[in-house]
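Trainee: I am new to this structure. Please show me how to read its features one by one.

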Amino acid sequence: MKAAVYYRNGGPEVLTYEDAPDPVCHRAGVVIRVEAVSIEGGDTLNRFGGALVTNPHIVGYQAAGEIVEIGDEVHHLKVGDRVATVNAFGSHAELRSVPARNAWRVPDGFDIGKASVIPVAFGTADDCLFHAGHLKAGETVLVQAGASGVGTAAIQLAKRAGARVLATASSDERLERLKPLGLDEGINYKAEDVAKAVMRLTDNKGVDLVVDSVGGPTLQGSINSLGYRGRVSMVGAAGREPQVVDVGSLMGGNRSLTGVFLGAEIMTDRAHDNIQRLIDEAARGELQVLIDRTFPLSDAAAAHAYIESRQAVGRVLLIP
């Protein structure tokens with residue numbers, strides 16, 4: 001098979017397009033012919049500094065396509081089924097092997113590229129808002145990095161739940177593109193201090209919940225944006241900067257900070273069923289999946305560079 005691989009960590013330029021061994025199908029797994037790869041923030045972080053589990057390494061959490069091989073212990077899926085898949089690595093390729101538990105059926109007629117986006121982005125956003133964040137109707141949410149995959153999902157899910165939604169992005173143009181998803185107020189973090197803007201927009205009350213996938217110094221700004229008994233769901237370190245937090249700033253307002261990692265629970269019944277529900281809702285048109293751009297798999301380096309330019313709104317896909 002062809003794959004986008006690398007032999008050392010670094011910038012997008014370390015990715016090369018070359019032949020790689022076909023993956024092995026495990027007894028409790030499936031192999032899919034990849035039709036779309038959703039590039040995740042974690043993919044760029046792993047390329048930059050994560051462990052090279054294989055040599056050469058094929059990075060990537062998410063891909064969707066058609067099952068071409070199935071293990072003898074798998075009975076709920078069959079060859080020919082269209083599925084969205086998640087695994088620790090291996091998405092940037094023409095074929096990938098995953099545990100069958102990490103494959104979700106894609107309803108007939110639903111775009112396979114959009115399906116490839118949902119498990120991590122929407123599953124994570126849903127967990128941040130509801131499982132960890134305990135969001136209730138009438139509360140106010142701040143979504144950091146609102147134009148990201150998790151961000152665009154969180155805006156929709158929060159609005160649908162009856163929340164007032166604020167979000168940050170790097171430009172007014174990107175914020176404008178988020179309004180059809182349910183954004184009430186946008187904050188250009190390059191033009192103003194986020195916590196001060198939040199207080200201005202909430203009459204100094206602060207928000208009830210923050211979804212923060214950026215980390216680094218942004219995390220302290222998320223805490224500073226909270227109102228009394230506000231919560232932060234921290235779900236990533238996309239900013240690649242050290243996490244420096246004054247934990248004392250949580251105490252005065254009885255605030256809380258919860259780390260969220262979908263991967264720790266992705267094989268549980270709760271998470272598996274929740275992701276299937278989100279895929280089915282998107283297939284029915286109840287949720288929007290934003291695809292900013294697509295690149296050929298052979299141009300994976302250019303796709304990673306585009307993501308890191310922070311121009312995208314929604315997900316960037318690779319197409320083998």
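Mentor: Start with Gly42, which counts as buried because its relative accessibility is 17%. Buried means under 20% relative accessible area, exposed over 50%, and partly exposed in between, with a 1.4 Å probe and protein chains only. This is a predicted model, in which local features need pLDDT of at least 70, side-chain atom pairs count only at pLDDT 80 or more, and totals for chains, interfaces and linings use all residues. Residues are numbered from 1 along each chain as its sequence is written, and side-chain values use heavy atoms, with hydrogens and water left out.

Trainee: Where is the place of Gly42?

Mentor: Gly42 lies in helix 1 (residues 41–49). Helices (H or I, at least four residues) and strands (E, at least two) are DSSP runs, numbered from the N terminus. The C-alpha atoms of Gly42 and His26 are separated by 25 Å, with the two residues 16 apart along the chain.

Trainee: How many residues of strand 3 are buried?

Mentor: Strand 3 (residues 29–38) has 8 of its 10 residues buried, so it is mostly covered.

Trainee: Which strands does strand 3 run antiparallel to?

Mentor: Strands of a sheet pair through backbone hydrogen bonds, either parallel or antiparallel. Two strands pair if DSSP finds at least two bridges between them. Strand 3 is joined antiparallel to strand 4 (residues 62–70) by 8 bridges, to strand 6 by 5 bridges and to strand 15 (residues 315–319) by 2 bridges. As for bridge partners, Ser38 has Gln62 in strand 4, Arg33 has Leu95 in strand 6, and Val37 has Leu318 in strand 15.

Trainee: What is the order of the open sheet of 6 strands?

Mentor: The order is 10-9-8-11-12-13, with parallel pairing. Strand 10 (185–188) and strand 13 (256–259) are the edge strands, each pairing on one side only. Within this sheet, strand 11 (residues 207–212) and strand 12 (residues 226–234) pair in the parallel sense over 5 bridges, and Val210 stands opposite Val232 in strand 12.

Trainee: Which helix packs on the sheet?

Mentor: Contact means heavy atoms within 4.5 Å. Helix 2 (residues 112–131) packs on the sheet and touches strand 8 (140–143), strand 11 and strand 12. The direction of helix 2 makes about 155 degrees with that of strand 11. Axes are lines fitted to C-alpha atoms, for helices over the stretch in contact, and angles run from 0 to 180 degrees between N-to-C directions.
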